[in-house]
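Subject: Handover of a structure and the findings

Dear colleague,

Please find the structure below, together with its sequence. I would ask you to keep it open while you read the notes that follow it.

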Amino acid sequence: MAWLRANLFNNMFNSAVTLLLGMLLVYAVSHLWGWGIHHAVWAADAEQCNAARGAGACWGVVAEKYRVIIFGRYPFEEQWRPFAATLLLMALLLASCMRMFWKPWLAALWLGVLAVFFTLMHGGVFGLSVVTTDQWGGLPLTILLASLSVVGAFPLSILLALGRMSALPVIRTLCTVYVELIRGVPLISVLFMASFLFPLFMPEGFSIDVLLRVLVAMTLFAAAYLAEVIRGGLQAIPRGQYEAAASLGLTYWQMQRKIILPQALATVVPGIMNNFISTFKDTSLVTIVSLYELTGSLDLAVNSDPNWMAYKLEGYLFIAAIYFVFCFSLSRYSQWVERQVNRGKAH
Amino acid sequence: MSFWRNQKIRGWLYQLAALLLVVLCVAILADNTLENMRTRGIQSGFGFLLQPAGFDISESLFGFESTQPYWKAFLTGLGNTLKVALIGIILTTILGVLLGVGRFSQNILIRGLCLMYVEIFRNIPLLLQLLMWYLLLVEFLPTAREADPFLGMFLTKTGLTLPWFGDMPVKAGFGIKGGINVSPEFLALLLGLVIYTASYIAEIVRSGIASVSRGQHEAALALGLSRGQAMRLIQLPQALRVIIPPLTNQYLNLTKNSSLAVAVGYPDLVSIANTSINQTGRAVECIAVIMAVYLTLSLLTSVLMNAYNRRAAIKER
């Protein structure tokens, strides 16, 4: 009772707000319940869905199409391959989040897992049939694009951040121009560049795969943002650290590697995680340059079938839930890391 | 000290090497591009901007016809980008500040709903949200014939029709006459941008207010100010110093994100450029136009916001 009084009804105004919001909430929740659960059709039955149209959701579209939504155009019989590859990559991502795995051999593990991932997805060896990259799609592609572009952007962004802090004017200018140029334009224009201009950049008779082009574009884009995050960490290092390292006779790279970067990177882990979350969400844009990641593969799955075309909203909600689960858990993890870092500082 | 050990000389050598590397890369890429364009017969140059565009644009601020030149098409697209960005920035600021302040409400219902809003809309990609809004607007709304007015407005499959300076929209035959019509494409883009960006602004405002020490709030209450007054007159103005720099970033993000218009068919600058690329094949020039325009916009916004930030910053003696 006391809790209710303090939190909901402590004065006239608040009581009125509580009642009004409460009523709205009950109305909204009951309608959502009715549409999404009570009157909803769960079976993959187009006729039943049609009958319930307007009154209830048709989750049958997910039951019917989930394989196309999640794996895109990947050949149906071979879909255990992207499944296994994605599971492997996700396990590695999860492991990379845990403190006990933060060791030098983690980098080697990443290389190994990526090699297995590409072997599984592409095939051509060990009796696996070849599946070209234009048939890759869905969740595996989303996770691949997000993790590879951040992993690739990481070393590049460290160089850019160091360059921007450098005492050498030419290098500083080059890095600043790159970072500000990329941060000033929308991702979509960089993706257009990847799809229209990169082929022109290559020497004649030399063509690169569209997946690789998009991957390069996303890496270059993510690196500019990540560089600013890391620069923030570098600026947080007190001058005394640089001076102490220099007076010990360390060279520039020794100083960065052993003294500055370990401290700077530790303080910006939450920022790096946020960058990863944005990149994960940004992968949805590659649909526009016709790579069928999660958002694109949903269109593919639903638009091709007149029986299910009317239930696109349910499909959207399904993939929205997938994105939400990933991004929400990543942001919770980033908050946990932030607390760990702060606790370390308090000592 | 030997020549190669001299810090200064080594610095210049490194810089020279970096510069040479960049120039070399650019030269190789430019050479390849010119070579490729020649062999594929792609024409280059900005001369095409003076040719007639030959495509229609569904909405424009000052009217556009397909016989008008490309540069006018780009200008129309830019106008549409600015329209959605400006209206979006105003609306998202209002919504974001309300949501951020709501996190400090005494009412747990308000606090909870604000938190839920932020967590839901921040964690779903903007593109997906835009597609969902567009789908809702064009599939689940009544047609103009079945629509009923709400406060003088009509919300139908053809968009939102608002009264405009005494010109009330009325139903006439199959459609709606009078008022001004806002297309569903514009509405979906605006809704998506406003709702998505507001979730970020809410967090910025919340952390800004949290950075103002609690004593300020308590002192304001002790002076006899109400909680609302304390927030409006004491806490928010002080929080503004922390809020403005990241807020600028969000305004820039909203402007850049308006380029997702291409997914819902709103004719913004990027959509027009995309159409132009497909029609003329001048990818280099069209992408250069997009980038130049957005860079200018970013620069202008940061100059303006920096000027405002200097006014809001703490004046030290």
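Among contacts in chain A between residues at least 6 apart in sequence, what percentage join residues at least 24 apart? The figure is 68%.

Please bear in mind throughout that this is a predicted model.

**Chain A as a whole**

Chain A has 15 helices and 0 strands. Along the principal axes, its C-alpha atoms fill a box of roughly 80 × 70 × 40 Å. Chain A has 347 residues, of which 34% are buried.

As to confidence, the mean pLDDT of chain A is 83, and 99% of its residues reach 70 or more. Within chain A, the lowest confidence is found in helix 1 (residues 2–7), with a mean of 72. The highest is found in helix 10 (residues 210–235) of chain A, at 90.

Two packed helices are described by the angle between their axes and the distance between the axes. Two pairs in chain A may be set out in this way.

The crossing of helix 5 of chain A past helix 6 of chain A is left-handed. On the side of helix 5 of chain A, the residues that make the contact include A:Leu88, A:Leu89 and A:Leu92. On the side of helix 6 of chain A, they include A:Trp110, A:Val113 and A:Phe117. By class, the residues of this contact between helix 5 of chain A and helix 6 of chain A are 14 nonpolar, 1 polar and 1 charged.

In the second pair, helix 7 (residues 138–165) of chain A and helix 10 of chain A have axes 6 Å apart and pack at an angle of about 50°. Helix 7 of chain A and helix 10 of chain A are therefore oblique to each other. Helix 7 of chain A passes helix 10 of chain A in a crossing that is right-handed. The residues of the contact of helix 7 of chain A with helix 10 of chain A comprise 18 nonpolar, 4 polar and 2 charged.

**Individual residues and a covered helix**

A:Met218 lies in helix 10 of chain A. Is A:Met218 buried or exposed? A:Met218 counts as buried, because it has 26 C-beta neighbours inside 10 Å. Not counting residues up to four places away in sequence, A:Met218 touches A:Leu145, A:Ser149 and A:Thr279. A:Met218 and A:Ala146 are 72 residues apart in sequence, while their C-alpha atoms are 8.5 Å apart in space.

A:Gly56 sits in the loop between helix 3 (46–51) and helix 4 (60–71) of chain A. A:Gly56 has 19 C-beta neighbours inside 10 Å and therefore counts as partly exposed. Leaving aside its neighbours within four places in sequence, A:Gly56 is in contact with A:Trp35, A:His39, A:Ala40 and A:Val41.

Helix 14 (residues 294–303) of chain A is mostly covered, with 7 of its 10 residues buried. Among the buried residues of helix 14 of chain A are A:Leu294, A:Leu298 and A:Val302.

**Chain B and its side towards chain A**

How many residues of chain B are in contact with chain A? There are 43, and they are in contact with 41 residues of chain A. Several helices of chain B each supply at least two residues of the side that touches chain A, including helix 3 (108–122), helix 7 (227–257) and helix 10 (283–312). Helix 1 of chain B gives the most to this side, with 13 residues. By class, the side of chain B that touches chain A has 28 nonpolar, 12 polar and 3 charged residues.

Within chain B, helix 2 (residues 70–102) and helix 9 have axes that come within 7 Å and cross at roughly 150°. Helix 2 of chain B and helix 9 of chain B are therefore roughly antiparallel to each other. The residues of their contact are 6 nonpolar, 5 polar and no charged.

Notes. Residues numbered from 1 in each chain as written. Chains lettered and ligands numbered in written order. Predicted model: local features only at pLDDT ≥ 70, side-chain atom pairs only at ≥ 80, totals over all residues. Contact = placed C-beta atoms within 7 Å. Helix = DSSP H or I, 4+ residues; strand = E, 2+ residues; numbered from the N terminus. Nonpolar A, V, L, I, M, F, W, Y, C, P; charged D, E, K, R; others polar. pLDDT = per-residue confidence, 0-100. Axes fitted to C-alpha atoms, helices over the stretch in contact; angles between N-to-C directions. Parallel < 35°, antiparallel > 145°, perpendicular 65-115°, else oblique. Left-handed = near helix turned anticlockwise from the far one by under 90°. Buried ≥ 20, exposed ≤ 12 C-beta atoms within 10 Å, placed from the backbone.
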